[in-house]
Amino acid sequence: MAKPCFRLFLTPAGLAVLVVALVILVRSLLARNAYEIVISGAALLFLLVTGITGAWKSYKLKLMETGWKLPFPMSARAGEKTLISCPAENLPVFFRLHFSIRGLFYPSGFSAHNSARRLFFQKADHKHGGCPMLAETSVSGKDRTAYLQLDFPMSGIFRGNGICRLKDIFGFFSFSCGIPQSMTVMVRTSPCYGKDFPVNPQSGAEDKRNRTSSDEERYYMREYTPGDRFRDINWKSSEKIDALITRISPDNQEKVSRIEIFFRNYGPADNPSLDALWLLDRAKAQLSNFMRRTMEHQPSFIFTVHAASGSWEIEDSEGLETFFDELAGISFSPAGNEVFSLTGAGDLYVFSTACDTGLPGFILACNIRPVNLFMVQPAEKERVKTEALRRLDFTLNGFLLLPRWFFSGKIRKLGIHANRAETVYAETRL
């Protein structure tokens with residue numbers, strides 16, 4: 001009954017020492033070599049005592065509540081550390097606690113919904129596009145806490161398990177202890193540093209903006225926004241604070257400024273290359289940067305975002321943060337018959353990549369309204385300003401890339417004409 005336990009708890013190094021000690025013991029008994037009998041017997045006794053001690057302590061720590069706390073929000077390339085906690089006391093002299101995080105990472109959310117398996121450290125999932133990941137650290141100190149450098153090269157979804165093990169300092173035994181903790185993490189895009197873009201929203205009155213007040217409060221004031229009537233400006237109050245203040249009657253409907261955005265995540269939905277996923281990641285970064293900067297300058301704006309998977313209406317900073325988490329899991333959708341309606345008179349803001357072959361037709365169909373295009377193109381050799389993703393960063397951070405992602409996907413530059421356009425160039429490197 002002892003052999004199954006040794007198979008379960010022994011590491012490759014411990015198994016090698018056990019085999020060598022047994023071989024030496026048998027050989028010394030046959031040769032009646034007292035010196036070798038003492039050496040091999042001492043090694044086997046040490047393994048036995050160490051194994052029993054570790055098994056007993058791991059059984060005591062079976063119900064230990066381990067944990068790993070990631071920074072929130074979790075962003076790619078942030079360089080932030082994950083807090084690890086393993087509250088165990090009175091460990092044996094030669095033993096330490098080790099905490100490992102293992103799971104699958106889906107770059108740009110590619111096919112994350114197709115695989116809900118718990119992975120320990122299995123082979124790369126070639127079908128569903130998940131990258132196996134392993135990160136480990138030892139936990140020491142009075143508080144039994146440690147920090148683990150868990151950094152993601154790009155945005156996506158990570159599904160992993162936190163597992164604690166009791167190991168001896170010689171590397172012979174590894175015992176499972178504590179309760180494994182599973183977690184799904186939405187990894188946002190790393191920031192991009194684009195310039196401010198002029199915004200021309202569409203404005204209109206809406207019932208949900210109605211306000212009521214008592215008879216003595218006939219008016220309320222707010223900062224002027226595009227679309228307000230000039231006759232409603234309170235010039236006296238505006239002179240005092242050096243800003244335009246609008247006087248609004250509680251019986252009137254307030255003008256709502258709306259930003260209509262199309263995030264075109266169309267592209268190779270089946271087996272996309274890492275180059276294509278990186279272009280989509282940079283398009284997400286452009287969208288996040290645009291929305292965050294716009295809301296910082298004018299918090300009263302409302303965003304209406306359309307994507308292949310659905311639509312969102314974002315009215316405040318809380319809704320914006322929630323949308324950014326959902327955006328991390330949006331991957332490519334196959335091009336198909338698009339159904340959309342254009343109402344209003346404001347500008348359209350379109351975010352897309354060179355993988356979107358239907359973009360020229362979409363721009364042509366939107367010619368009734370001004371189009372502002374944010375485009376991510378494959379890098380050109382003569383270009384200096386290029387946002388690059390290194391495949392080596394995956395390996396350095398404990399990720400195992402799919403073999404097909406080591407080869408560059410050929411993506412041609414897409415020629416598009418719009419009223420105003422901003423182009424970002426991106427590429428992958430070794």
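The chain holds eight helices and 18 strands, taken as DSSP runs numbered from the N terminus, with helices (H or I) of at least four residues and strands (E) of at least two. This is a predicted model, in which local features need pLDDT of at least 70 and side-chain atom pairs count only at pLDDT 80 or more, while totals for chains, interfaces and linings use all residues. Residues are numbered from 1 along each chain as its sequence is written, and side-chain values use heavy atoms, leaving out hydrogens and water.

Of the 430 residues, 48% are buried, meaning under 20% relative accessible area, with exposed set at over 50% and partly exposed in between (1.4 Å probe, protein chains only). The chain's accessible surface is about 23,200 Å², and carbon and sulfur atoms account for 56% of that; such areas come from the Shrake-Rupley method with a 1.4 Å probe, and for residues only the protein chains shown count as cover. As for contacts (heavy atoms within 4.5 Å), take those between residues at least 6 apart in sequence: 77% of them join residues at least 24 apart.

Ile-416 gives a local example. Ile-416 sits in the loop between helix H8 (391-396) and strand E18 (420-429). Neighbours within four places in sequence aside, Ile-416 touches Leu-359, Pro-360, Ile-363 and Leu-373.

Now for Phe-170, in the loop between strand E7 (156-168) and strand E8 (174-188). Phe-170 counts as partly exposed because its relative accessibility is 39%.
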